[in-house]
Every structure is written in C-alpha cells, then in structure tokens.
Amino acid sequence: MENLKKTCLHEKHIQLGAKMEEFAGFNMPILYQNIKTEHLAVRNNVGMFDVSHMGEVIVKGKDALKFVEYIFTNTVETLNDGQVMYGMLLYDNGTVVDDLLVYRLNSEYFLLVVNASNVAKDYNWIVEQSANFDVLIQNVSDDYQEIAVQGPEAENTIKMVLDIDLSALEFFYFANYEYNHHHLLISRTGYTGEDGFEIYASEEAISEIWDLLYNNDVVPCGLGARDTLRFEAALPFYGHEISDKISPLEAGLKYFVKLDSDIDFIGKQALKEQEENLARRVVGIELTEKSIPREGYLVYKDNQEIGYITTGYLSISLDKPIAMAMINRPYTKKNTEIMVKVRNKMVPGLTRDKKFLDKKYAK
Amino acid sequence: MSKLVEGLYYSKSHEWVKPLEDDVVLVGITDFAQSELGDVVFVDLPEVGDTVSAEVEFGAVESVKAASDLIAPISGEILEVNDELVGEPELLNKDPYKNWLLKVKLENPDELSELLNIEEYEAFIK
C-alpha cells in the first residue's frame, strides 16, 4: 500500500474512517459508512466523491479540432465552446482504448478527462497518433484535483455553501467560476444518473471546498456507491462493459459514435464492417428468482453458454437483481428466457432493456 | 475487536458451530466474518433435507459489493434453515451468534475436534 498514490483528500478520508483500497494505483475510499446510505444520499439528496484520481490531458494547437475529431468517436466540430461531449478513443480494430469526456474550450484547446487506470496508456497513445498534426499534448493529471457533487440537491447546495449560482449552466456544459480567490472549472456532468456537477481545481481549493460541503451535510461517497450508481444508470465502466476487447457497438454505445458522418476517425472502418454482422451486445438482465448476478457469472440458454455478466447487483434503488451482460446474438432480444450460473445453481431470468432507472438530468 | 462466544467451535473460514443435544448443532458466521463483509444484503442457503460436507461450500452471504462463500465446518443433514434471514439478512450484522444459518444433524461428531476453540480462533484472526 505504501507505493500507492494519494489524492489531496487522502488524510480526510482516513479521518472519516473510510475503508480504503487500491484503485488505479491510488489508495481510494471504497466506502465511509455503508454503500447503501451513500447511494441513497445521491439519489434523494446530495453526495460528493473524491475523483481526483481521474486523468486530464490537454490537446491544444492549430490542428486541435481536426486531431480530436480524428481520435474521438463523437463529433466535436459542432460543439459550442464551453460544451462537453462523451465518447471513446478506439484502436484500429474498433475496440476501446478508453472512454472519456471532451471539454471544448475553443477550437484550438480541448481538455480530455480520462479514466485513472488508463492515463499513461491514453497519453502515450494520443501522442503516437498526433505525428501529422500541429498539436501540443500535455498530461496535466497531477495539476487537476476533482470533486463530483451529485444528486437532486447539488445545485442548491453549491449555491448555499459556495455562493455559486449554477442554475444557468446547462447539462453537459462547463464554465469558469471563482471561489475565495480560487479558480474553479465546473461542468454539469457526472457518473450517477442524477443531476450534478464536477468541480476541477487546485489541491488547496478542493480541500477547502470538500470541508465546506462536508460541514453542510453533503454525504461523502466512496467508489463502492459510485459503481452502484453508474450501474443503475447503465453507464459503462472501462474494463467491464467496454475494454480493449470490446467495441462500442458491442457495448451498445452506437449513439456516441459518428458512424454516419463523413468524418474519418480511428476505428471507423472496423466498426463499419462489424456493424454488418454484430455477434454480441451488452443488454440488461433481470433475474426472476431472488439471487445476485455478479460480474463474471456465465449466462446460459438451453444449457449452452451465451455470454457473461459485465456488472450486476441487487439494485439498491430498485431492490431487484439486475445486471448488464455481454450476450451472443440472437439471444440479445428482449424477454429472452436465460439462466445465470450463480455458484453451482442455475437461476432463471429474462433479458431486458438497460433503462433500469429514470435518469433525472437537468436537461 | 471482534466479539467471540465461549463454548462454540470455530472454523478458519469464519463459521461457528454450537452443539445442542443428540449430535445436533447450529451453524452460523462469526462477528469477524460479518464485520469484514459489511452490510449483508442477501443470504443464499440450502434446503432442509440437503446435506453439507465439511470444508465444502454450502451457500453464500452477500454484501452490496461481493459474495462470500459459506464453507461447512462439519458434515451432516440439514434439519432446519433460518428463514428469517431471507427477509432480514441484516440480522447477521446485528447479532451473528444469535442468528444462526442452519441446524444440522452431525454425521460424524468427531469432526468437532478438528475445529478451533475460542482461544485458537482468537489467535487466528489477530
């Protein structure tokens, strides 16, 4: 544990008695009190997460727009300055390098927010692709600390505690704000399926804001609740629903891929070919008997293996055993009767959509 | 500090065995086990009439995050299953020694001597 990196809030997590574990090379809080309380705080009120481990990469220069279009699955050309877009970086074969948020400051300046576990890989890969572009690429992960404030009360709480009015900030937009002489970049984004914000700032500012929010009853939430929340919102998690062995089409993320545009991007050709004959896809599963479908459990149809669970829980908000699973076609069709092997038992269930939860974004 | 109870037999996989009479025992999980696991949200137990075998998995206790196998500390036939835990799995967090999992008729009472006593188990979890 000694070689693990620490975020600037590490001491505070220890003082709060958090259960700490290694994640992406960082010593991170998994839970403070319990996952259920933290999860429900975000669904019903407001919670906060230390996500300072996330990676930040800047792409700037004359060709920045052209270059981001070339490496990113989603369209940035039509974005407004100050807008955020979700998408992926792909290998030539169409599998996923990483998923990320792209913040457009202007056409010559983009901020890419990537998974902590992939920062070094992403940075090196992005630099390798940039040879023929007039761009400067910087890994600024150590300079950006981040707190996610999530839940229906997030906007009111930030107004009350930090006196920052975010009511005009639209969903998937960001802007610069000032708090106590600190510069903050705040976006209306998140990874929970709720309305909420992500605040990027210096160590000093983030520490100060964390304390203020904590003293105003914002519930600190660990990576445990972060996973149960994003799962219910059917948001993919790198290494689970997407990976360097899985394409966006297989993950059911076609919506975030500009496959029908004229813009060429890395991996496009492979996806075009795969689209003709997709062999498998991530779908929802709901068990019809009480049990818990967990990641890695195998899925069967008529005693034949047809896939595996990518993420599954006894959903906290819905109190139902649900999962996302990578399933071979044609069994991806809704309401297909399947079996999930839970330890030594075959437990019956049905395939379903991934709309486990009504998302309450402020759109 | 984990709570321990005198007069129970303990396994290295953190189950306890409480002898009743006529070679009938109760089986449960220890306080150490429930605290390591965190909030229990589901208990997966076998059925009355099934048999359990020493050192073989017979079910699981599950928290939000993970499933933890239950390993039988002894062999025998299941006489009763604590159905209360199906509706209220959190009872295992509240009192893991009162809320037993199975009542079992021992097949081989000598197996009890293979288990740890309170001092040995206390040293084991230190």
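## Tyr313(A) and its surroundings

Leaving aside neighbours within four places in sequence, Tyr313(A) is in contact with Thr228(A), Phe231(A), Ile292(A) and Val64(B), where contact requires that the C-beta atoms of two residues, placed from the backbone, lie within 7 Å. This is a predicted model, in which local features need pLDDT of at least 70 and side-chain atom pairs count only at pLDDT 80 or more, while totals for chains, interfaces and linings use all residues. Residues are numbered from 1 along each chain as its sequence is written, and chains are lettered from A and ligands numbered from 1 in the order in which they are written.

Tyr313(A) belongs to strand β16 of chain A; helices (H or I, at least four residues) and strands (E, at least two) are DSSP runs, numbered from the N terminus. Tyr313(A) counts as buried because it has 25 C-beta neighbours inside 10 Å; a residue is buried if 20 or more other C-beta atoms lie within 10 Å of its own, exposed if 12 or fewer, and partly exposed in between, with C-beta atoms placed from the backbone. Pro293(A), although 20 residues apart from Tyr313(A) in sequence, is 6.2 Å apart from Tyr313(A) in space, C-alpha to C-alpha.

## Where chain A touches chain B

Across the two chains, 12 residues of chain A are in contact with 10 residues of chain B. On the side of chain A that touches chain B, α2 (35-44), α7 (223-232) and β16 (304-314) each supply at least two residues. The residues of that side divide into five nonpolar, four polar and three charged, where Ala, Val, Leu, Ile, Met, Phe, Trp, Tyr, Cys and Pro count as nonpolar, Asp, Glu, Lys and Arg as charged, and the others, Gly among them, as polar.

Helix α3 (residues 64-71) of chain A has as its buried residues Ala64(A), Leu65(A), Phe67(A), Val68(A) and Ile71(A). They lie on the same side of α3(A), because they cover an arc of only 165 degrees around the axis, the arc being that of the directions from the helix axis to the C-beta atoms. These buried residues of α3(A) pack against β4 (55-60), β5 (83-90), β6 (96-106), β7 (109-114) and α4 (119-129) of chain A.

Val68(A) is also named among the residues that touch the most other members of the largest nonpolar core, which has 134 residues, together with Val102(A), Ile147(A), Val149(A) and Ala325(A); a nonpolar core is a set of buried Ala, Val, Leu, Ile, Met, Phe, Trp, Tyr and Cys residues joined through C-beta atoms within 7 Å. Apart from neighbours within four places in sequence, Val68(A) is in contact with Val59(A), Val76(A), Val102(A) and Phe110(A).

## Paired strands

Strand β4(A) is mostly covered, since five of its six residues are buried. β4(A) pairs in the antiparallel sense with β7(A) over six bridges, and with strand β8 (residues 136-139) of chain A, again in the antiparallel sense, over four bridges; two strands pair if DSSP finds at least two bridges between them.

Elsewhere, β10(A) and strand β11 (residues 182-187) of chain A pair in the antiparallel sense over six bridges, with Phe174(A) opposite Ser187(A) in β11(A). β10(A) and β11(A) form a hairpin with two residues between them, and Asn180(A) in the turn has a positive phi of about 50 degrees.

## Helix α6 and the residue that follows

Helix α6(A) has 13 residues and reaches 18 Å from its first C-alpha to its last, close to the 18 Å expected at 1.5 Å a residue, where the expected span is 1.5 Å times one less than the number of residues. The buried residues of α6(A) line one face of the helix, because they fall within an arc of 130 degrees when seen down its axis. Ala205(A), Ile206(A), Ile209(A), Trp210(A) and Leu213(A) are buried in α6(A), whereas the face turned away from the buried side carries the exposed residues Asp211(A) and Asn215(A).

α6(A) is followed by Asp217(A), whose phi is positive, near 70 degrees. Asp217(A) sits in the loop between α6 (203-215) and β13 (219-221) of chain A, and is exposed, with 12 other C-beta atoms within 10 Å.

## A cis peptide bond

The peptide bond from Arg329(A) to Pro330(A) is cis, with omega near 10 degrees, and Pro330(A) is found in the loop between β17 (321-328) and β18 (337-342) of chain A.
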